[in-house]
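This report is meant for a reader who has not seen the structure before. Please look over the sequence and the model first.

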Amino acid sequence: MTLIPHPRNAESPEARFKPTRAGVIGLWDYIDEEFVFADGRLVLRGHNGSGKTKALEVLFPLVLDGVLDARRLDPFSGEERTMKSNLLYKKQESAYGYVWMEFARTAPEGKVIEAVTAGIGMRVTKAMPSPARFYFVTDGRMGLDFGLLDDASRPLRERALAKMLGEDATYETAEAYRDAIDDRLFGLGRERYSQLINLLLQLRRSLLAKDLDPAKVSDTLTAGLRPVDEDLIKQAARDFENLAEIQTLLNALAGADTAIQNFLREYTSYLQVHARDRVDQVKERTQATADECVRILQAAEERRTADRQLAEARQRRDTGERQCKEIGTRLATLRNHDAVTQQKDLDELRDRVRGESQGIKDSDRLLNGAWGHLATLQGEAAMVGERCEKLNAAASRHTRDLLDAARRSGILLEEDALNFDAAFQTHVVGYTTARETELEDVRLHLTAVEQAMEDQGREQKRVDIAAAELTETEQKSAAAADQLSQARAEAAHDLDRVIARWTNDGEAAVLCPADRAPLLAALAAAGEPAAIPLPEVLRSLTDQRRTAALTRVETLKRQYDDISDALHKMRSERDRVAAEEDEAPPLSDLRPANREGRSGAPLWQLVRFADHISDDHAAAVEGALYAAGLLTAWLHPDSEATDQALRDKVADAYLRPLPVTQRPTGSTLADILIVEDQEHVSPEGVQAVLASIGVADEAPTADRDIDTDSAPCMTVESHFSLGVQVGAHPKEQPEYIGATARAARRRERLSRLDGAITVLETQLTDAEAQRQDAQEVFDDFDRALPAPQHPDDRRSGTRRGGDRRQSRRSSPSP
């Protein structure tokens, strides 16, 4: 016999475990017997009665199975050869025994590299219905690394074995023991390992090779192996026929897959770079639009400032013009004043007086010279006389001129005669003083006129400066208006691109076509005192859709979490089913008592259906037992425990056999169900309960008795009768009675759960995709809406706006 290696040992030189030795201690006539295998094979030879069958019975496949059922031990399917009889073969009161088998991996030269020994220990007394068992699986070799006999050559007790091998190498149940062997040697899994044991039992049947019949062999293998789906066989045949074509297609697909993977790798990198570039462009343009809006607002503010300055300059100009008109009026008034006219006459008189004074001075000088030279001129008397006459004439002329000047200056009147007395001198002095006073007034007026002219010049300069400032302000205002118009045009162009980028008619749109008009109106009104900023208008238009997008994200997130929780629960349920934690039928709320730690077991754990019972009858009987409440009813090891539970009023249902005289005489459950090999209740006790429940082929009627009035009855058509209570509970297949039925139910539930898990995984994937799409839609609002800026950032953005705008003009459109 060659065993399939465990994958974790495949790196060793000899990958497969093979049986090398086996032994029997304290069973039948074997005290301490050892059998040695040759390359995994063992041949037993001897005459009849030498113990060949007994050795096979107690070793194989018992060491791999751990079940002491007589039908599984005896290859001839007899029931009289029990393990209890093998242990008490010599009629002793009690006995201990062991069966063990050693598996090893060896090197090519035959050296043992690794060894595993598995075995079963048994303890029995005459009072026990069946032996108590304990199991072990340990690394090492029997007789070399450990032994199963004490110093007195007696089999070890359980505690001594556990102390020697360790608690982790010993097991209390057959299920744990089989799992340990499978994990250490085979690695098949619980279901496939169970199929392997069933196959070995079928192949071990007696006289299998005599008159070898292929049909019989096929039936034997069919009984031992799980049936293969007919569609799977047909599909395998078609696949073998198309193997070459599939290989060619596989090669082509592999090449295509490689090419696609290479393309995807390159294209993914390209898309990442391109998407990053596009996102950067959108961010820059969005930021530039916000900067342009800030610049428009600043330009509007500058225009308002220029308008105020222009109004102030115009006011100053009007004030200067009024002052100029007032000064001109005053100047015209002063020019037309009498004093100015008299000033002109005085100027002429002053010139004439200056000339006459000069003449008088000259005359005085000549007169003084004449008087000085009078002595010298006496001789020239004639000449002097003439000259005197001339002088007199000149004096007369000068007198007349002086008189005329006095009259013209107002010193003398026309009728006054020239009288050079003291009064005349006083009168001349008075008139001269008055004229000097008037001249002084004229000089003061002239000074005021000159001051007014200077003020007029200064005001004219101010007017000229104000006019120049007004012209410059008008020019700046015109330039600002042009710049504002250009900025608005550029902002409108950028806004059109933003609107085109984020506008569509779908539910995921950031903007809708109706939003274009309010945005353009807000842009046109930018700069007005009461205008709403463009970002606020954009946010007010998108708030409702943004809230809806956020609500959808949260809804899909909750939906994803709900599906994830359901998938987690479904997977946990599948793990529980796969771990065989759900084999029990559902309990009724009429039986709330806790069963943990209670001795005994429910009926469904103690029996299995006989091999000759069809699945339909098995399903019908199980359904009837479940509906009648017998399937989950508790069976104690002895009737005293049941009586005590009834006295204590423990809320549960119990089974106890009817007296032999009251049991049905016809067919009973003992003909349909077989007691499982277990340690909870003795086979005799279970058999007595089964014999107390009748089985009929048809539903009971009112005028028909089934054996006795008090005996419960089941039918093979899913009916049940419990005295006055009758009913039916059909089922499609058995689920709980027998390991095979529980395995089938488990497979069906696993298949159903796998389907549900697949559906939930698909829903989870779809929900995740929808959630990511919704998140992208929500993120679009943050990408489309400009973030609020700090005032310093706005100023710096305005300074850099021209450079970014110039770079946008040179960059391609998105």
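## Basis of the model

This is a predicted model, in which local features need pLDDT of at least 70 and side-chain atom pairs count only at pLDDT 80 or more, while totals for chains, interfaces and linings use all residues. Residues are numbered from 1 along each chain as its sequence is written, and side-chain values use heavy atoms, with hydrogens and water left out.

## The second largest cavity

Two cavities of 30 Å³ or more are found in the structure. A cavity is a set of points on a 1 Å grid over the protein atoms alone where a 1.4 Å probe fits but cannot get out, and its lining residues have an atom within 4 Å of a point. The second largest cavity holds about 40 Å³ of space, a volume being the space filled by probe spheres set on the points.

Its lining consists of Pro 61, Leu 62, Asp 65, Val 67, Arg 72, Leu 73 and Leu 201. Helix H2 (62-65) and helix H3 (70-73) each contribute at least two of the lining residues; helices are DSSP runs (H or I, at least four residues) and strands are runs of E (at least two), numbered from the N terminus. By class, five lining residues are nonpolar, none is polar and two are charged. Here Ala, Val, Leu, Ile, Met, Phe, Trp, Tyr, Cys and Pro count as nonpolar, Asp, Glu, Lys and Arg as charged, and the others, Gly among them, as polar.

The whole structure has 34 salt bridges, each being a side-chain nitrogen of Lys or Arg within 4 Å of a carboxyl oxygen of Asp or Glu. In one of them, Lys 54 pairs with Glu 57, with the closest N and O atoms 3.4 Å apart. The two are about one helical turn apart, because they are three residues apart in helix H1 (residues 52-59).

Lys 54 is buried at 9% relative accessibility, and Glu 57 is buried at 1%. Buried means under 20% relative accessible area, exposed over 50%, and partly exposed in between (1.4 Å probe, protein chains only).

## Salt bridges between separate parts

Arg 571 and Glu 761 form a salt bridge at 2.7 Å, N to O. Arg 571 lies in helix H16 (residues 534-578) and Glu 761 in helix H21 (residues 739-784), so the pair ties together parts 190 residues apart in sequence. Arg 571 is partly exposed at 38%, as is Glu 761 at 32%.

Asp 643 and Arg 656 also meet in a salt bridge, at 2.6 Å, N to O. Asp 643 is in helix H19 (residues 639-647), and Arg 656 is in the loop between H19 and strand S10 (673-675), 13 residues apart.

Methods
On a 1 Å grid over the protein atoms alone, a cavity is a set of points where a 1.4 Å probe fits but cannot get out, and a pocket is an open set with protein on both sides within 12 Å along at least five of seven lines; lining residues have an atom within 4 Å of a point.
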